[in-house]
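Biologist: I have a model open and want to learn how to read it. Where do we begin?

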Amino acid sequence: EEKVLEIREQLILAGVSKTEIIVVDDGSTDSSGEIIQNLKNKGFATLLKSSSRMGKPNAINLGVEASQYPILLFSDVRQTISGSAIKILLSRFEDSDVGAVSSQLELKGGDSPARRWMNNLKLRESNKGSTTGVCGALYVIKKELIEELPEDTILDDLLISLFVMKKGKRVVLEPEAIVHDVPF
């Protein structure tokens with residue numbers, strides 16, 4: 001529930017008036033299906049249920065197929081989103097060469113040299129042209145650039161970036177759009 005409400009609030013803050021929030025339940029065994037059903041009843045989200053666990057690539061494919069708008073935002077449930085991250089991500093589409101925009105992942109409650117190095121590398125790649133991989137925790141992409149993910153995809157965030165670059169568009173990292181990963 002918190003994730004859906006967080007995204008909804010950020011979309012309002014970004015001035016996006018026509019939206020839909022699609023939640024794909026990939027065979028969860030907790031109460032998340034009931035929570036999303038309650039949000040659906042309030043008009044806040046659409047629930048898509050997979051009959052069995054088929055993994056993230058299948059969930060992405062279902063969500064993309066059901067979506068009706070030209071810009072898609074993907075977000076994993078676990079991470080929290082910084083202040084106006086979604087507005088900042090969407091603003092990068094002012095550049096017509098940009099096909100996808102990735103957030104920057106940081107660890108909550110601690111500094112990680114490896115994460116800092118990875119973010120720096122992705123930013124340098126982005127500034128030179130395109131970065132090879134979006135942060136699966138939060139990114140936006142033009143729907144026309146996505147292809148169906150094979151069922152056995154392991155690195156969906158890499159493959160999605162390659163789809164974008166294959167069609168001649170850039171994948172950029174926006175360092176001001178931060179998502180915080182929580183230890184689990």
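**Reading the model**

Modeller: Begin with helix α3, where Pro57, Asn58, Ala59, Ile60, Asn61, Gly63 and Val64 are buried. This is a predicted model: local features need pLDDT of at least 70, side-chain atom pairs count only at pLDDT 80 or more, and totals for chains, interfaces and linings use all residues. Residues are numbered from 1 along each chain as its sequence is written, and side-chain values use heavy atoms, with hydrogens and water left out.

Biologist: How do I read "buried", and what is a helix here?

Modeller: Buried means under 20% relative accessible area, exposed means over 50%, and partly exposed lies in between (1.4 Å probe, protein chains only). Helices (H or I, at least four residues) and strands (E, at least two) are DSSP runs, numbered from the N terminus.

Biologist: What covers the buried residues of α3?

Modeller: The cover includes strands β1 (22-25), β2 (46-49), β3 and β6, along with helix α6. Contact means heavy atoms within 4.5 Å.

Biologist: Next, charges. What is the general idea of a salt bridge?

Modeller: Side chains of opposite charge can pair when their charged atoms come close. The cut-off is a side-chain nitrogen of Lys or Arg within 4 Å of a carboxyl oxygen of Asp or Glu.

Biologist: How many salt bridges does a search of the whole structure find?

Modeller: The search finds eight. One of them joins Lys56 and Asp76, at 3.2 Å from N to O. Lys56 lies in α3 (residues 56-66) and Asp76 in the loop between β3 (71-75) and β4 (80-81), so this pair ties together parts that are 20 residues apart in sequence. Lys56 is partly exposed, at 32% relative accessibility. Asp76 is partly exposed too, at 26%.

Biologist: Which residues are linked with Lys56 in a network of salt bridges?

Modeller: Asp76 and Asp156 are linked with Lys56 in that network. The closest N and O atoms of Asp156 and Lys56 are 3.6 Å apart. Asp156 is in α6 and Lys56 in α3, so the pair ties together parts that are 100 residues apart in sequence. Asp156 is buried, at 7% relative accessibility.

Biologist: Which residue forms a salt bridge with Arg78?

Modeller: Asp181 does, with the closest N and O atoms 2.8 Å apart. Asp181 sits in strand β7 (residues 170-181) and Arg78 in the loop between β3 and β4, 103 residues apart. Asp181 is buried at 11%. Arg78 is partly exposed at 35%.

Biologist: How do I read contacts around a single residue?

Modeller: Take Phe93, in the loop between α4 (85-91) and β5 (98-107). Phe93 is buried, with a relative accessible area of 15%. Beyond its neighbours within four places in sequence, Phe93 touches several residues, among them Ile71, Val98, Val140 and Ile141. Phe93 and Ile141 are 48 residues apart in sequence, and their C-alpha atoms are 9.1 Å apart in space.

Biologist: And surface patches?

Modeller: Patches are made of residues with over 30% relative accessible area and no salt bridge; like charges are joined within 9 Å, and nonpolar side chains (Val, Leu, Ile, Met, Phe, Trp, Tyr) within 5 Å. Ile154, Leu155, Leu158 and Leu162 make a nonpolar surface patch of about 390 Å². Leu158 is in α6, and is partly exposed at 31%.

Biologist: Which residues gather in a patch of negative charge?

Modeller: Glu65, Glu148, Glu151 and Asp152 do, on the surface. Glu148 is in the loop between β6 (138-142) and α6 (156-166). Glu148 is exposed, with a relative accessible area of 67%.

How values were computed:
Accessible areas come from the Shrake-Rupley method with a 1.4 Å probe; for residues, only the protein chains shown count as cover. Lys and Arg count as positive and Asp and Glu as negative; His and the chain ends are not counted. The place of a charge is taken as NZ of Lys, CZ of Arg, CG of Asp or CD of Glu.
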